[in-house]
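Dear colleague,

Please find below the structure that I am handing over to you. My notes on what was found in it follow directly after.

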Amino acid sequence: MKKIEKIRLKEEFTNLKVLTERKEKKNKRIVDIKWILKITLLAFILSIGFSFLCEMALPKVDLLIEILLIFLFILLGVLFDMVGVSVTSADIEPFNSMSSRKVRGAKTAVRLIQKADKVSSFCNDVIGDICGIVSGSAGAIVSVSLSNDFSVSPLITTLITTACIASLTIGGKALGKSYAVNKNNIILYKFAKFISRFIGE
C-alpha cells in the first residue's frame, strides 16, 4: 500500500510540474529592467521625501496630530494594499464589456489589469512599504514625545508605540486583503473611476 501511495504521489507531483511548466510558457514575459530601475528610483526618492517631511514637521506639531498622521499613513498603506490585491485578482471580462459601452473608468480598469504586476508592485511594495517605513519613523518621534510628556521610560514608550503600529498595520492589511479578494471588481472599478478623472479617459 505504501508503495502504491508513493507512486501516486510521484505521479501527482509530475503532473503538477507539467502544468506549472505549461503555465510558465503561456505567461512567460521578458523581465522589464527599465521598470525595475524606475520603481527602485521612485521608491528611493519617495522614501527620502516622506522621511524628511516626517522628521522636519512632526516634532513641531502636537502629540495628537502626530498620532493622527501615523493613523493616516497606516490607512493609506492598507488602502493601497487593497488596490494591489484587487488588481491582481479582478476579472477582466466585465470591464471589457463596460469599456465597450463607454462606462467611465472601465478602460482604465482594463489597463490596470493588463499591467497587474506593475500596479501591484507600485501599490503593495512602493506605497505600502513606504507608508510602513514612514509610520515607523513617526512612531519613534511619538515615543519620544510620550516619554517627555508623561515622564515614562523611552524604552516603554518605544515598545508600546512600535507594537501598536505593527499590530494596526498587519491587522489592517489582513482585513483589507480579505475584503479585497471578495470585492476585487468593485474596488478596482471605484479606484479606476477615480484616477480616470486625472489621467483622462
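Lys118 is partly exposed, since its relative accessible area is 24% (buried means under 20%, exposed over 50%, and partly exposed in between, with a 1.4 Å probe and protein chains only). Please note that this is a predicted model, in which local features need pLDDT of at least 70 and side-chain atom pairs count only at pLDDT 80 or more, while totals for chains, interfaces and linings use all residues. Residues are numbered from 1 along each chain as its sequence is written, and side-chain values use heavy atoms, with hydrogens and water left out.

Lys118 belongs to helix α6, which covers residues 116–150 (helices are DSSP runs of H or I with at least four residues, strands are runs of E with at least two, and both are numbered from the N terminus). Apart from neighbours within four places in sequence, Lys118 is in contact with Asp32 and Trp35, where contact means heavy atoms within 4.5 Å. Asp32 lies 86 residues from Lys118 along the chain, and the C-alpha atoms of the two are separated by 9.9 Å.

Helix α6 also meets helix α3 (residues 63–89): their axes come within 8 Å and cross at roughly 165°. Axes are lines fitted to C-alpha atoms, for helices over the stretch in contact, and angles run from 0 to 180 degrees between N-to-C directions. The two helices, α3 and α6, are therefore roughly antiparallel to each other (under 35 degrees counts as roughly parallel, over 145 as roughly antiparallel, 65 to 115 as roughly perpendicular, and the rest as oblique). The contact of α3 with α6 has 21 nonpolar, nine polar and three charged residues (Ala, Val, Leu, Ile, Met, Phe, Trp, Tyr, Cys and Pro count as nonpolar, Asp, Glu, Lys and Arg as charged, and the others, Gly among them, as polar).

A further pair is helix α4 (residues 93–100) and helix α8 (residues 184–199), whose axes come within 11 Å and cross at roughly 40°. As a result of that angle, α4 and α8 are oblique to each other. Pro94, Phe95 and Met98 of α4 make the contact with Asn185, Leu188 and Tyr189 of α8. These residues divide into five nonpolar, one polar and no charged.

As for the whole protein, its secondary structure comes to eight helices and zero strands. Buried residues make up 31% of the 201 residues. Among contacts between residues at least 6 apart in sequence, 81% join residues at least 24 apart.

Yours sincerely
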